[in-house]
Amino acid sequence: MSRMSCVIAGAALAAACLGVTADAQQPPRPPYATTKVEGTENVYIFRAGNHQSMFVVTSAGVIATDPIGYGRPEMVSTYVDEIRKVTNQPIKYLIYSHHHFDHIAGGKPFKDAGATIVSHKRAKERLAALNDPHTVLPDQTMDKSRTIKLGGTTLELTFVGLNHSDSSIVMRLPKDKILFAVDFIPVGSMPGLAMIDSYPLEWEDSLKKVMAMEWDTLIPGHPGQPGGRLGTKDDVQKVLTFLQDASAAVKAEAQAGGCWDRVEKELKLPKYESWPGYERGLPMVLRRYCMLWGRGT
Ligand SMILES: [Zn+2]
């Protein structure tokens with residue numbers, strides 16, 4: 001292509017003219033999006049930035065999850081508006097996946113819409129102590145399990161033990177064999193921030209419990225890699241293997257006196273180098289396992 005034809009071709013072809021690869025020219029992702037989960041009649045994902053939530057529309061009302069409004073309260077009103085575009089049914093429930101603010105801050109528009117807010121009991125205890133001005137306290141709590149039935153839809157809430165947090169609920173739609181689980185099963189990427197206040201040994205057990213449940217499709221709390229994909233049991237197995245590998249690697253070094261400095265400066269996990277988030281996540285993984293094997297916590 002001549003220089004002149006590049007000029008008149010306009011912006012669409014500018015990348016080709018400049019010799020820039022197509023990959024570097026992906027259009028920016030819209031700030032939010034609502035999509036129906038393929039193969040379902042009434043299950044949706046609302047994504048805002050790099051967070052996402054599931055909502056389910058039934059003939060007797062809507063069950064929504066995680067308001068994902070940390071630092072962006074206006075986005076929660078958008079979330080409610082997006083539900084309103086799909087249905088006129090009232091929003092009956094808002095379920096918190098766990099107590100971390102990046103997933104559950106900003107729930108006021110749901111409360112104002114009449115939703116009953118449900119969380120694990122430990123989430124409510126933590127939130128009550130912190131009294132965050134942007135986070136609405138749950139109206140109801142559950143401990144080991146609870147089943148919500150609304151308009152012919154069944155949603156099972158299960159606490160599968162300590163993992164990324166001490167208040168994580170797994171939400172399962174038995175009819176669709178869909179699971180919504182947040183932060184403790186990253187899809188296609190390396191756990192990073194997910195490690196810092198986690199319970200690594202119990203986390204492995206909770207993954208085994210999740211794999212024993214009956215489901216096919218996982219909706220994660222952050223879009224899966226690559227391309228925002230959903231997860232499968234294979235993704236759960238990969239996270240479990242990763243945690244086991246990282247734990248074993250640090251354990252050996254820690255018991256030889258390598259924590260913190262030597263491990264944090266020198267230990268690598270080359271098997272996982274190609275995982276998105278490796279560079280950023282590795283220090284947090286190593287620090288968390290040094291706490292466990294080099295300190296006892
Ligand atoms: Zn979290």
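Ground rules: I am working on a predicted model, where local features need pLDDT of at least 70, side-chain atom pairs count only at pLDDT 80 or more, and totals for chains, interfaces and linings use all residues. Numbering runs from 1 along each chain as its sequence is written, and side-chain values use heavy atoms, with hydrogens and water left out.

Entry, helix α8. I checked its length: 23 residues (233-255) at 1.5 Å a residue should span 33 Å, and the end C-alpha atoms are 33 Å apart, so the two agree. The expected span is 1.5 Å times one less than the number of residues. Helices here are DSSP runs of H or I, at least four residues, and strands are runs of E, at least two, numbered from the N terminus.

I looked up what is buried (under 20% relative accessible area, 1.4 Å probe, protein chains only). In α8 the list includes Val 239, Phe 242, Leu 243 and Val 250. The buried residues pack against α7 (200-212), α9 (261-266) and α10 (278-295). After α8 comes Gly 257, with a positive phi near 85°.

Entry, α8 with α10. Phe 242, Leu 243 and Lys 251 are among the α8 residues that meet α10, where Tyr 289 and Trp 293 are among the partners; contact means heavy atoms within 4.5 Å.

Entry, Val 43. I found Val 43 in strand β2 (residues 43-48). Val 43 counts as buried because its relative accessibility is 0%. Met 54 is 11 residues away in sequence and 7.1 Å away in space, C-alpha to C-alpha.

Key
Buried < 20%, exposed > 50% of the residue type's maximum accessible area, 1.4 Å probe, protein only.
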